[in-house]
Amino acid sequence: MKYIDEFQDPELARRLLDDIHATVTRPWALMEVCGGQTHSIIRHGIDQLLPDEVELIHGPGCPVCVTPLEVIDKALEIASRPDVIFCSFGDMLRVPGTGRDLFQVRGEGGDVRVVYSPLDALRIAQQNPDRQVVFFGIGFETTAPPNAMTVHQARKLGIRNFSLLVSHVRVPPAIEAIMRSPNCRVQGFLAAGHVCTVMGVDEYPALADRHRVPIVVTGFEPLDILEGVRRTVAQLEHGEHTVENAYPRAVRAEGNPAARAMLEDVFEVTDRAWRGIGVIPDSGWRLSAKYREYDAESRFSVEGIRTREPAECRSGEVLQGLLKPYECEAFGTRCTPRTPLGATMVSSEGACAAYYLYRRLTATSTPREASPVA
Amino acid sequence: MCLAVPGRVLEIEERDGTRVASVDFGGVVKEVCLEYLPDLQVGEYAIVHVGFALQRLDEESARQTLELFSELGMLQEEFGDPWEAAAGQEVGK
């Protein structure tokens, strides 16, 4: 596919790798905060092609993985109601709540539907005026504008049987929390390209400055990731800490102004709990007062939920980059994509699922695809 | 889920006051909402996520990035140590 294949070229990958090998003189720990990048890194074996000095720590960049258990349990309760059609992206189906998941709710008779776009859920609401249609609105800044537009359209068209269960999260406050953590080893960030496609880059210079950490906006194909690593390592080697855009074909400094304006209108910033990490101040969005009547949580008054995480799951440590998936005792045995203990084993963007899929079962195992070619 | 991919606009139509495009992703054609990129034109590429075009793909900057990558290491090849380069090739680098 055009604009994908060219950025997987093995000869250019070798040039980028050679440059990184020639530049690096000491150990550096870099974090990517995007599940799509984590998946690409493991799939193409990029971490194994980098010099030993460069470590990639997989941050909490998988929206499915960081959605708090309490919200999953609320989703399960709402989806179980006979008057509800519950719509979701496919990778939420197997995310374990307390004791069950959406897939089981469907097996028990719940009307759970997988949609490609939130607009599909709105269409289902139009076609079923006597049912309540709820869309599970999760995701980072990339996914928030489509969901915001859908609520905006519902209001504009007067579709009152539609609501959104909102659990949106924002990347910059997570970077702030990671840098403030006493266990933090991160020395440079690959910022999530498509988050910046929407938001632009103006939230990052203050972070880079405050924590003296380079932040390089990075894309998703192998060459994009290598270029992000190359630029971050070059900054670290030169003692610099600025914000750079290594993904200019999709990221403008100002982001997408129309999408940002819609986010301002439909959502307001709120504190948000991240599964496995805890509450991060100002790290989420909820519906603004103007759109509050489309909030599924208040429409269905799901209160008093008691959550229970499996004691064995260490996904919180994986999400913070403190533990590699294969260092968890349950990994690949009691915890697999078919029987996940935690969300990081569910989504293809979760670190545990990516390591499992590409057979990274130990620190030294050979990946299925060691070349940087798809 | 967070995947956003580049696709090429095949045609654009107006539906209920909203611009909607048919976008080709290497053979798979999907309907895409253009509310966030109202001036996107047929033939252009855009980054698309869950049915929404989020940004026009800047073809010129894509070309420049690839050019930069292909120039990397040229100076090294020109002025670097040929013995080291040959030794590197021997171990299959």
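Which domains does the domain assignment give for chain A? In this predicted model, chain A is assigned domain 1 (5-61 + 171-245), domain 2 (64-169 + 255-299) and domain 3 (315-357). Two contacts are described below: that of domain 1 with domain 2 within chain A, and that of chain A with chain B.

**Domain 1 and domain 2 of chain A**

- The centres of domain 1 of chain A and domain 2 of chain A, taken over C-alpha atoms, are separated by 30 Å.
- In the contact of these two domains, domain 1 of chain A takes part with 13 residues and domain 2 of chain A with 15 residues.
- On the side of domain 1 of chain A that touches domain 2 of chain A, the elements that give two or more residues are helix H9 (171-180) and helix H10 (193-199) of chain A.
- H10(A) provides the largest share of that side of domain 1, namely 6 residues.
- By class, the residues on this side of domain 1 of chain A comprise 10 nonpolar, 3 polar and no charged.

**Chain A and chain B**

- The contact between the chains involves 38 residues of chain A and 28 residues of chain B.
- At least two residues each of the side of chain A that touches chain B come from several helices of chain A, including helix H2 (35-43), helix H7 (118-127), helix H8 (144-157) and H10.
- Helix H1 (10-23) of chain A also belongs to this group, and H1(A) gives the most to the side that touches chain B, with 5 residues.
- The side of chain A that touches chain B consists of 21 nonpolar, 10 polar and 7 charged residues.

Definitions and conventions
Residues numbered from 1 in each chain as written. Chains lettered and ligands numbered in written order. Predicted model: local features only at pLDDT ≥ 70, side-chain atom pairs only at ≥ 80, totals over all residues. Domains from an automatic or database assignment. Contact = placed C-beta atoms within 7 Å. Helix = DSSP H or I, 4+ residues; strand = E, 2+ residues; numbered from the N terminus. Nonpolar A, V, L, I, M, F, W, Y, C, P; charged D, E, K, R; others polar.
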